[in-house]
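Here is a short briefing on a protein model, written for a reader new to structures. Keep the sequence and the 3D view open while reading.

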Amino acid sequence: MSYLRLEKAVMTNLQESLRREILRTNRSGAYSSSTLVDCNTRKYHGLLVVPVPELDDENHVLLSSLDCTVIQHGAEFNLGLHKYQGNNFSPNGHKYIREFTCDLVPTTLYRVGGVLLKRETIFQCYEDRILIRYTLVDAHSATTLRFRPFLAFRSVRQYTHENSTASREYQQIDNGIKTCMYAGYPDLYMQFNKKNEFVFQPDWYRGIEYPKEQERGYASNEDLYVPGYFEVSIKKGESIIFAASTSAIKSSSLKSLFEKELSVRFPRENFYQCLVASAHQFHNRNSKDERYLLAGYPWFKCRARDQFIALPGLTLAIDEPDYFELVMKSAEKGLREFMENKPLTVKIYEMEMPDVPLWCIWAVQQYCKYMGKEEGYKKYGKLVSDIVGWIIDGGHSNLRLDENGLLYSNGREKAVTWMNSTANGHPVVPRSGYIVEFNALWYNALKFVSTMASDLGDGKTASDLEARAELCKTSFVDTFVNEYGYLLDYVDGNMMDWSVRPNMIFAVALDYSPLSQDQMKSVLDVCTRELLTPKGLRSLSPKSGGYNPMYVGPQTQRDYAYHQGTAWPWLGGFYMEACLKLYKRTRLSFIERQMVGYEDEMAYHALGTISELFDGNPPFHGRGAMAFAMNVAEILRTLKLLEKYTYQK
């Protein structure tokens, strides 16, 4: 029995199948994505979506979809599906689906009368190329397949509409054609491994609608250009491979290329394998061969904070320290450029966020635990020492070290923490002043670098940092601990935020905590009672003012809900680490039950990965981006921690 298998009843029920998505990526940031029934519901969906650096910094949908029609005895059965205005679906190809599996590659089985057709999709790892293999499993008479490509040639943030500017020109190439709708775009090469006939029949398909965009309050309609169609005969037992790419390929090599790509695919036969495969989808490299982790798909780029938080879980937790080092090499380069006030030469965004250097130290700390202190100090000791010294010397323009040993950051006019939603140009949650996780991370960093200095025989530095840590600890307790047993979220002069938020969990979960054992247990208890859900920690307690747990509606409505009660799995990772830290093996079964809530997600939303966030109230629907790096990372890190405590003597 396949782990990721959906039967006919689910696939033919559009209410069920349209909310399930599939995502496949490569290392350039290009991807292929749609719903399981190949009906695009987002403007970000497309069979071939690629970066076009000559135009801008966004991805662009070149090939939106490919409709396949089965022809027998002159009768045509179109397997495609599109949503048009007025809630009209056509041509309803989903009714022919018998099952969908995804244990190795996305595979759809269609039955049309006596025809049984299998469709398998692969996105090539190191080229911007989608490969689709059609196999005629069974047929009782001569069969022809007709393929109609729907072209967009637009940014993922825009739409295309019928116009006279779009070029209709095309050129015949090896078993296919190449075409380009607009100047500045790369050519789109569409080829088969078998001789075929291309019939030039240009037309626009008008009024295609994307319900996900409609739900979000955005424009949701576009027109797609179809240059014509390909026809090719197919025999029982035969496979035909279609390729769409920004570069030509020898059509005779498509069969072997498909088999080669298939052989290196990571299986998705259980929860852990799904997460590992998902972890690899965030890998990204540019032309300079620098390595990054994308924050998520389909619209996120590499963001500094997200990258450092996700790095240990996406690499060390799955025993891939080499990739940690490759990513850290690019990240360290960017961080040092920022610290030295030089222009960034790396493709990492939001490096200026005040907590980024603190999360970098945390990531290095995890590396030291995995690889051993000696190796960690050797590789990154100077970096973390330099970061701490830079902060002490006031190097960051928005991270001030006050005399009480705490870090102060101004977030009143611009969001500076991970709670970064804005409305009308201002932060929805204006966290400013002494921010609880900033200072928990700072105390942890001071203790970690102090211990490192001591281990390396630098007693003077160790003593100085230890004194700073003690001052920070005293001030942290005085500033954040309140009489109700939890921590204030931020304190700015006379302004104290009493909201019960998850940011206090870091003061418990980090290796070095400024809190006493009793204080840590009290904070954990409050998080358990008021914030814990099956999908992670809520961003705000239901008992606090402004609780808004449903991430739905137009953009402004969602902005106000983004950090006001929605649940985040990556926060749940730190919560579970805190549980194990305080209660050891006695909480193992509790945490294992929590993991079930995440495993349930493998067959919903985007198959085999974790959504960006979830509603804070039942039934905890997944929302936002279809795949989010920090969430996948922290679940993987939790699984690694579970393994450690399970086998601990």
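β1 and strand β9 (residues 97-101) pair in the antiparallel sense, and three bridges link them. The model shown here is predicted.

**The nine-strand sheet**

- β1 and β9 belong to an open sheet of nine strands, whose order is β1-β9-β10-β11-β12-β19-β16-β15-β14 with antiparallel pairing.
- The edges are formed by β1 (5-7) and β14 (170-173); each has a single partner strand, so one side of each is left without a neighbour in the sheet.
- On average, neighbouring strands of this sheet are turned by 15° against each other, direction ignored.
- In general, the strands of a sheet pair through backbone hydrogen bonds, either parallel or antiparallel.

**Arginine 119**

- Strand β11 contains arginine 119.
- Is arginine 119 buried or exposed? Its relative accessible area is 7%, and buried means under 20%, so arginine 119 counts as buried.
- The side chains of arginine 119 and aspartate 38 are joined by a polar contact of 3.2 Å.
- Leaving out residues up to four places away in sequence, arginine 119 touches Asp38, Leu47, Pro106, Thr107, Thr108, Tyr110, Ile132, Arg133 and Tyr134.

**Cavities**

- How many cavities of 30 Å³ or more are there? The count comes to two.
- The largest cavity holds about 330 Å³ of space.
- This largest cavity is lined by 29 residues, and the closest to its centre are Ser34, Asp38, Leu47, Arg119 and Thr121.
- Elements that give two or more residues to this lining are β2 (21-25), β3 (31-35), β4 (46-51), β5 (59-72), β10 (107-112), β11 and β12.
- Which strand gives the most to the lining of the largest cavity? It is β5, with five residues.
- Arg119 and Asp38, both among the residues closest to the centre of the largest cavity, are also the two partners of the polar contact described above.

**The three-strand sheet**

- A second open sheet has three strands in the order β27-β28-β29, with antiparallel pairing.
- β27 (434-435) and β29 (495-496) are its edge strands, and each pairs on one side only.
- Strand β28 (residues 490-492) runs antiparallel to β29, and two bridges join them.
- Aspartate 492 stands opposite methionine 495 in β29.

Technical notes
Residues are numbered from 1 along each chain as its sequence is written. This is a predicted model: local features need pLDDT of at least 70, side-chain atom pairs count only at pLDDT 80 or more; totals for chains, interfaces and linings use all residues. Side-chain values use heavy atoms; hydrogens and water are left out. Two strands pair if DSSP finds at least two bridges between them. Helices (H or I, at least four residues) and strands (E, at least two) are DSSP runs, numbered from the N terminus. Axes are lines fitted to C-alpha atoms, for helices over the stretch in contact, and angles run from 0 to 180 degrees between N-to-C directions. Buried means under 20% relative accessible area, exposed over 50%, partly exposed in between (1.4 Å probe, protein chains only). A polar contact is a pair of N or O atoms within 3.5 Å; within protein, one must be able to donate a hydrogen and the other to accept it, and residues adjacent in sequence count only if both atoms are side-chain atoms. Contact means heavy atoms within 4.5 Å. On a 1 Å grid over the protein atoms alone, a cavity is a set of points where a 1.4 Å probe fits but cannot get out, and a pocket is an open set with protein on both sides within 12 Å along at least five of seven lines; lining residues have an atom within 4 Å of a point. Grid points are joined across faces, edges and corners, and a volume is the space filled by probe spheres set on the points.
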